[in-house]
Amino acid sequence: MVTICVYYGEDPWDGPGCLTDMLKIPEQLRGIVSDYKMNLIQVRESEGYKFHTDDVNTVFEITRDIFKENYKHIQEIYSEREISSELGMVIGAITESDKLIQQALDRKGGMQNMCRALEKLVDEGWADGNLKGKCLGLCEKILAGLKSRATICNRDMAIY
């Protein structure tokens with residue numbers, strides 16, 4: 001039996017690499033404890049791996065590029081290529097992108113273009129940012145109005 005840990009965190013793995021790293025074993029007992037090494041595959045550092053299944057390669061490659069913000073590479077490889085919505089959901093789950101997951105769910109088992117999905121994600125981010133900017137501008141105007149009224153009230157009170 002072989003244990004393989006597939007780590008898909010955005011930050012590099014900083015956990016234990018074997019059984020004895022996980023346990024506090026007295027020095028006199030270390031010789032009799034079997035030390036099982038962990039076979040670790042980090043998605044973010046998986047360039048050297050070639051899997052037998054194209055879908056697994058696709059998930060690893062797109063996820064790795066998203067983590068490294070290498071969107072140009074995704075565009076070069078996937079601009080004309082569609083992936084299944086199931087793969088889109090897996091990529092969205094690994095990268096913790098609710099919007100990618102929702103886009104995949106909207107396809108209902110169909111195919112999706114990853115470049116268009118990421119472009120839509122960027123466009124939605126711009127739209128959200130514009131809306132937030134407008135709200136902040138409105139809040140600043142309201143606060144400025146309240147401050148000027150408070151100044152007038154303070155001056156009026158000083159007269160009395």
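E45 is partly exposed, at 46% relative accessibility (buried is under 20% relative accessible area, exposed over 50%, partly exposed in between, with a 1.4 Å probe and protein chains only). Its salt-bridge partner R44 counts as buried at 17%, and the two side chains meet at 3.4 Å, N to O. A salt bridge here is a side-chain nitrogen of Lys or Arg within 4 Å of a carboxyl oxygen of Asp or Glu.

This is a predicted model, in which local features need pLDDT of at least 70 and side-chain atom pairs count only at pLDDT 80 or more, while totals for chains, interfaces and linings use all residues. Residues are numbered from 1 along each chain as its sequence is written, and side-chain values use heavy atoms, with hydrogens and water left out.

By the salt-bridge rule the count is five.

| Pair | Closest N and O atoms |
|---|---|
| R30 and E27 | 3.7 Å |
| E47 and R64 | 3.9 Å |

In the pair of E47 and R64, the closest N and O atoms are 3.9 Å apart. This pair links distant parts of the chain, 17 residues apart: E47 lies in the loop between strand 2 (39–42) and helix 2 (54–67), and R64 in helix 2. Helices (H or I, at least four residues) and strands (E, at least two) are DSSP runs, numbered from the N terminus. E47 is partly exposed at 47% relative accessibility, whereas R64 is buried at 10%. A network of salt bridges links E47, R64 and K68.

In the remaining pair of the table, R30 is partly exposed with a relative accessible area of 36%, and E27 is exposed at 62%.
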